[in-house]
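Subject: Structure handover

Hello,

Here is the structure I said I would pass on. My notes follow below it.

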Amino acid sequence: MKHRSLPGRLLAGLVLTAAALTGCSAQAPELGDRSHSGAKAPAGGDSTSALQSLQSLPVKGRAPQTGYDRDAKFGSAWSDATTAPGSRNSCDTRDDILRRDLTAVTHKTGSTCVIASGRLADPYTATTVNFVRGPHSAAVQIDHVVALSASWRTGAARLSQEQREALANDPLNLIASSGPANQQKSDSDAADWLPSNEDFQCTYVARQVAVKAKYRLWVTAPERDAMNRVLAICPGQPLPTDTSAGVILPTS
């Protein structure tokens, strides 16, 4: 099921398209603060806009799911032994991302890696979620911005094992989010799911484009169209190139 906000974004995209075709200047309909939402450059953003980069991605149909196996094809979950940025720092990837994305972080006694508690300003729902390691730690989950099974269907099957393991643990492709939002998304792409927090949609889609470009994945036609509708609201949204800020880097 497509996200509720797409009709409004579709209307904005049609207005912009009509303006381009007629040669007249026109503004998209007022959408609250969304015309500026997510416009701040993410950490590591460069001069290339996400919209420009999206146009360079190949467009193909979905490849078969045949052969997909999460652990066999993408390595053990949250492995510290990959070529992803921040890897091999003696902390698993999940704790790295919790440390990066949570505030008021505390560590397990005697550990500099294991996160015991913290507070998440959830970008997907614009709510605050408390994280406490233990029976209820699934309240905060780590989302693969480009879901691994979705990546398999759009080119990851052709990557090497090393590249796939990096994709699964790359901070660029990981965001701490509320557990229910992550479960709702499942392995959907932008054509079928966007964060309910509309102020984060531009940043979210820009991250997906950046991951696709970095790992040479393609987009499907519906996925490209959905991304275009979002990025038409924020055409200057920078393309993030690295989001490992806050992750403890290896000392050697």
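Leaving aside its neighbours within four places in sequence, which residues is Gln 161 in contact with? The model is a predicted one, and in it Gln 161 touches Ala 72, Lys 73, Phe 74 and Gly 75. Gln 161 itself belongs to helix α6, residues 161–169. In sequence, 88 residues separate Gln 161 from Lys 73, yet their C-alpha atoms are 6.5 Å apart.

Two polar contacts of the Gln 161 side chain can be listed. One goes to the backbone oxygen of Ala 72, at 3.1 Å. The other, at 3.0 Å, is with the side chain of Arg 164. Gln 161 counts as partly exposed because its relative accessibility is 29%, between the limits of 20% and 50%.

Further along the helix, the buried residues of α6 are Arg 164, Ala 166, Leu 167, Ala 168 and Asn 169.

The chain has 252 residues, of which 49% count as buried.

Next, the pair α8 and α9. How do these two helices pass each other, and at roughly what angle do they cross? The axes of α8 and α9 (residues 221–231) come within 9 Å, and the crossing is at roughly 135°. Because of that angle, α8 is oblique to α9. The crossing is left-handed. From α8 (201–214), the residues in the contact are Gln 201, Cys 202, Val 205, Gln 208, Val 209 and Lys 212. On the α9 side they are Glu 223, Met 227, Val 230 and Leu 231. By type, the residues of this contact are six nonpolar, two polar and two charged.

The loop between α7 (179–185) and α8 contains Ser 188, and Ser 186 is in that loop as well. Is Ser 188 buried or exposed? Ser 188 counts as buried, because its relative accessibility is 19% and the cut-off is under 20%. A polar atom of the Ser 188 side chain lies 2.9 Å from the backbone oxygen of Lys 185. Ser 186, with a relative accessible area of 47%, is partly exposed.

Finally, some backbone angles to look at. Ser 186 has a positive phi, near 55°, although it is a residue other than glycine. Trp 78, also not a glycine, has a positive phi of about 60°. Trp 78 sits in the loop between α3 (70–74) and α4 (93–101).

Regards

Notes
Residues are numbered from 1 along each chain as its sequence is written. This is a predicted model: local features need pLDDT of at least 70, side-chain atom pairs count only at pLDDT 80 or more; totals for chains, interfaces and linings use all residues. Side-chain values use heavy atoms; hydrogens and water are left out. Helices (H or I, at least four residues) and strands (E, at least two) are DSSP runs, numbered from the N terminus. Buried means under 20% relative accessible area, exposed over 50%, partly exposed in between (1.4 Å probe, protein chains only). A polar contact is a pair of N or O atoms within 3.5 Å; within protein, one must be able to donate a hydrogen and the other to accept it, and residues adjacent in sequence count only if both atoms are side-chain atoms. Axes are lines fitted to C-alpha atoms, for helices over the stretch in contact, and angles run from 0 to 180 degrees between N-to-C directions. Angles under 35 degrees count as roughly parallel, over 145 as roughly antiparallel, 65 to 115 as roughly perpendicular and the rest as oblique. A crossing is left-handed if the near helix is turned anticlockwise from the far one by less than a right angle, and right-handed if clockwise. Contact means heavy atoms within 4.5 Å. Ala, Val, Leu, Ile, Met, Phe, Trp, Tyr, Cys and Pro count as nonpolar, Asp, Glu, Lys and Arg as charged, and the others, Gly among them, as polar.
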